Amino acid sequence: MCPTKSSTDGGPRGDGPPETFSKDLKALYEAAGGETLGYPRLIAEGTRHGFTVSKTNLSGWFLGTPPRLPRHVTYVLTVLIPFLEDRAELRSPGHRRVADGVWGRRLAAAQAVGKRAQGGRGPHVGAASAGRVLGGLSPTLRDVLPRDFVGRERECADLAAFTTAPDGSPSYLWYQAGPWAGKTALLAWFLARELPPGVDFAHYFVSGRHGTDRRLGFARAVDSQLASAAGSRHDPALDPDRLDPDKWFGAAARACEKRGRRLVLVVDGLDEDADAGVDRRGIAGLLPKEPPHGMRVIVAGRRNPRVPERLADDHPLRDSGVARRLSDSPAARIIRDAAMAELRGLLKDPDFGERVLGLLVTARGALSREDLGELLDIGPHAVEERLRTAAGRSLAPTRTDLLPLDVRSEAEAEDGRQTFVLAHSMLHATAYKEIRKRSRLDRIAELHAWAREYQAEGWDEETPNYLLTGYTRLVREQAPERLAGLVLDPRRQLRLVLRDGADVALGDVESVAPADGEEVAPARAAAVAVSRELLRGRVRALPGSVARTVARLGDAGRARALTGASGRAVEKAVRLADLARALHARGDAEAAATARAAVGWARTALREAGRFAHVVDEAGAAAARAAVALLETALAPDRRDDFREALALLRASRGTGAARYEAWALAARLLAPEHPDEAAELLDGLEEEAEGLAAEGDAAGAVQVWETVAAADPDRGGRVHGRVLAHATEVWEDGPTLEKVSLVAVAVALAAPSRPEPAARLVDSARQYLESVLGVDAGGLSAADAFPVEFGFRDTLEAFCRALVEIGASEETVDRVRDLGLRVLPPESEEEVLDADPFEDGAFVEAGRVADEALALADRGADDEAEQELERALALLPAGGLGEGLSPVWAADLAGALVRTGAADEAAALLATVERPADRVRVNAALALACADAGPGRRTGTRAGRPGRRPGPVRAGRMPRRRGRA
């Protein structure tokens, strides 16, 4: 059968590493009704078919233990899954039934992971962990991912066998077939849903219609993936012509091997390489001639063109032995014939069809019906009507060039204003060949003219997404001399900020940033520096779960950029740490790099903390959480440097916040199996802090720390519980008050199971005191007891009643104490209700709640519903803002420099952009000094004075030496 292409209306997305069998099974159970269906119904269904299963069996299969007994496997595959699929189709309209055979392969893969995990001592990370796609699935791969995929089971098994074959096996595999044979669908499905365990995959899908057919794009995309595998820094300005492919892949392959894993590179569409000319080596020239030990390379493409002529004579791609013929799909040929007929019909229409095709083959990105309408000077509805009747199969909707967090664009897509590309590379190539060169050049000129129109209008709010995204690729390839001017245009950057693409704008800026040692004009170096600082400060605040949801949906890089682009250093550290732990939990290779970024911001937060106690507590907690995130990713033997850095940062964190204590305890639990001494040291440190708090009179704080220690190490529980009870008794006997009743309740709740008799004596003493001061015959409350009754005593009373139940007090005693307490409390409706925080953004809080729901849906594998909830959360927030009104620290220096160089008008314009009064004072002071230095002529903005020399080039990485007054 033929794989059906995916679209934006749902279906298996594969936006990340493949789901485990258990997670997929649990997601199917939820779609079928979940708890409303219940385990008894599933057990009864098994009994009806002659199978005996238990709740324990079902729980294990849903929570990570695949069935292994033959009778259980048969029940799951022939009874349970078909039953759940039928129910899910009825209950969940968006559910699509998984094709026959897929569940069996998923179960086999899960069983293989479990078998590899068995064995003797030592780490089994590579053997037991699932396969993963470095950096997540690329947008191009997600765009071509089939909705359903059957009929290629043997090929998927062959790919898995090739990637996991023993050392010494062939390192190259080249699938060859003609157009429409299903090469791309096979590799996309394999990467999204069929990965074998213990393998890290880098990938690149070469596609002219998606604008990914250039050597530079391949180098930078793959470098980012390899950097995440090797734990090194990605170079956004990488020059592919200076690369040594064997060394390039070597570091990543060695890092994978140290973790017991294997590195595999997958490249689809090598025949579409636009840089594989007569005198060039193209993308093929960047593939390793001698792959590092254990590495594998999978390539797919047509038989012709074969390889670039300049490719080394001994390169594996010149060896016919690595090629394997892929059979065609009959159903695919039917689709091909229909699409080609549509294409020929469009080519026969010079006024509409040929112009549309010319725009699509030259744009290097996706165009919407509105875009095509503007370019053709006809209405968008007319475009839609013509395309619907003439191009149902030859054009495909795509998410290319839609900003991932642009809710406005998503709404447009739902409204039918979708972006389009040609549906297949063969269609793209045919259209390109049939359209005359002069006509293609005319279409490119139209695109440039269209962009100039929007540029002249200041890139207003009607600017199409294509001009902010895909057009950048066109300029990079067709007019590279204009690229810096385009991406450094502040008004275009601002439009991207307002369109929620500030991180996209930052990526564009990095693409024109000078490399170390490169000589560039001072204006360009300054523009890059200014753009970086201003863009980093102009990203709107987002709930933390937004970035985690984006990562869970497959875009770890964008998630990391969103998390680290806004907020204070302490907030960035916490959010990056949370994101790193989420990425690590799902096996994403970006986890380590994200954790290191969190540590960097945590160190910044510690430096900025100063002497204010609450700020120190906040920074200390952030540092501890960042250290734990790094520690989680650094337990492998090859990550000793990160391991030591994580421990050092953890030990350096200070403060009395609960978040820091919990982070230390979590670190101890992580360390205990392999590093018991370090774990014990951390818990000893917490116990010492608890004793210090107790000595200072902070009994509640001390009990909180002791409780954290006991939860982290049950072996310490008995001793710690005794210490908690002893300290609470000592504090109580020193002078009982109603305020101390809450301490008694907490201590007893913690210690009663292991110390029942002393706990009962302490509670009984507190009960007697409470009855004596709250009884009917008691006099008025003392000042010490009146205060807690007014503030928070309702919660204290409930906690104490629970403590009475814990020690076995009679129901009569509990009710009597509760009634005495309630008697002195004001009616609940009359208790003080705090007004809403006037500084709290209600929309932000609600957006956070909805984003949390989106994250929960993504964790359950309901990606389509998660994406809808994410869009709803973002819609509750204001559109991308202009930051916090903070001006750059160099604004005053720049204003003075403008005056001194005769550009006083520009200095005045700069002052108009400064919002905070303190910043305006600094800028005005700098202007006054500059005017005084410059003399009367400069004060009026004239260019009086001796003209200066034209500045020479600045070497990247160095700043010109300042002269004169600061």
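**Notebook: strand β7 and its sheet**

I began with strand β7, residues 296-301, and found it mostly covered, with 6 of its 6 residues buried. I kept in mind that this is a predicted model.

Next I looked up which way the side chains go. In a regular strand the side chains alternate between the two faces of the sheet. In β7, R296, I298 and A300 point one way, while V297, V299 and G301 point the other way, and all are buried.

Which strands are joined to β7 by bridges? I found strand β4, residues 172-176, running parallel to β7 with 5 bridges between them. Here Q176 stands opposite G301 of β7. I also found strand β6, residues 262-268, joined to β7 by 5 bridges and again parallel. L265 has V297 in β7 as its bridge partner.

I then followed β6 to strand β5, residues 199-205, and noted parallel pairing over 7 bridges. In this pair, F201 stands opposite V264 in β6.

Then I put the sheet together. It is an open sheet of 6 strands in the order β2-β5-β6-β7-β4-β8, paired in parallel.

My last entry is about the surface. I noted a negative patch formed by E374, E453, E457, E461 and E462. Of these, I looked up E374, which is found in helix α14, residues 369-376.

Note on methods
Residues numbered from 1 in each chain as written. Predicted model: local features only at pLDDT ≥ 70, side-chain atom pairs only at ≥ 80, totals over all residues. Heavy atoms only, no water. Buried < 20%, exposed > 50% of the residue type's maximum accessible area, 1.4 Å probe, protein only. Helix = DSSP H or I, 4+ residues; strand = E, 2+ residues; numbered from the N terminus. Pairing = 2+ DSSP bridges. Patch = residues over 30% accessible without salt bridge, like charges linked within 9 Å, V, L, I, M, F, W, Y side chains within 5 Å. Areas by Shrake-Rupley, 256 points an atom, 1.4 Å probe, with all protein chains shown as cover. Salt bridge = Lys/Arg side-chain N within 4 Å of Asp/Glu carboxyl O. Lys, Arg positive; Asp, Glu negative; His and termini not counted. Charge placed at Lys NZ, Arg CZ, Asp CG, Glu CD.
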